[in-house]
Amino acid sequence: MTGERSGPDTGRNAGTYVGVGDWTPESLAVPGEVRAVVSAPHPVLSRAGGEVDPTAAETVRLAADLVATMRVSPGCVGLAAPQIGVAAQVFAVDVTGHPKAVTVHGTFVLCNARLVEATRWKPGREGCMSVPDLTGDVKRASRLVVEGDLPGSGEPVRLVTDGFEARALQHEIDHCAGLLFLDRVAGAHAVYQRKTYL
């Protein structure tokens with residue numbers, strides 16, 4: 001995907017948390033390996049991932065692998081550890097260049113992410129690399145505050161976002177909790193056959 005970063009890093013505050021700021025995957029200092037993406041009903045997708053030590057070497061490698069796999073996957077704006085077979089609370093997001101994205105923080109990886117505030121709920125269509133044949137309408141918060149840790153440094157992050165990036169974050173946090181978007185749809189009437197394959 002292409003595009004410029006837009007929007008300020010509104011996650012910075014005067015407390016102990018920082019924003020994603022200038023963090024880049026290159027700061028991990030390890031090359032990422034492209035991994036196979038698992039599809040439902042693989043059991044790892046329905047298992048809640050465990051918390052991780054964001055400074056551990058295996059977490060740093062996992063973060064690099066998530067970014068590498070996301071970057072070679074057309075249309076992918078987020079990828080969570082369970083999707084590459086690892087039951088852990090780690091995910092990558094990058095909505096840069098997506099036509100629905102307004103607030104964009106670039107490429108980032110969060111560990112042990114948790115929702116702090118979720119408001120302005122709206123329905124929207126979602127798809128998933130782990131559910132390649134279906135899409136569905138899911139109601140998500142369109143304004144979000146998320147806290148987590150950066151891989152490598154372990155710095156605690158507070159991220160404030162909205163719109164499409166907020167939706168992507170919630171989708172990936174769900175993966176880390178063992179949930180698919182299909183678990184969030186209102187019913188069978190809100191599930192559709194995918195018409196375009198990425």
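Helices (H or I, at least four residues) and strands (E, at least two) are DSSP runs, numbered from the N terminus. The model is predicted: local features need pLDDT of at least 70, side-chain atom pairs count only at pLDDT 80 or more, and totals for chains, interfaces and linings use all residues. Residues are numbered from 1 along each chain as its sequence is written, and side-chain values use heavy atoms, with hydrogens and water left out.

**Exercise 1.** Determine which pattern the protein chain follows along the sequence.

*Solution.* Begin with the inventory: the protein chain has two helices and six strands. Then read along the sequence, which gives the order α-β-β-β-β-β-α-β.

**Exercise 2.** Describe burial, contacts and surface in the protein chain.

*Solution.* Step one concerns burial (under 20% relative accessible area, 1.4 Å probe, protein chains only): 50% of the 198 residues are buried. Step two concerns contacts (heavy atoms within 4.5 Å). Among contacts with a separation of 6 or more, 69% join residues 24 or more positions apart. Step three concerns the accessible area (Shrake-Rupley method, 1.4 Å probe): the chain exposes about 9300 Å², of which carbon and sulfur atoms supply 53%.

**Exercise 3.** State how many disulfides the structure holds, and examine C111 and C128.

*Solution.* The structure holds zero disulfides (pairs of cysteine sulfur atoms within 2.5 Å). For C111, the closest cysteine sulfur belongs to C176 and lies 9.2 Å away, which is too far for a bond. C111 is buried, at 0% relative accessibility. C128 is likewise in no disulfide, since the nearest cysteine sulfur, in C76, is 8.7 Å away. With a relative accessible area of 6%, C128 is buried.
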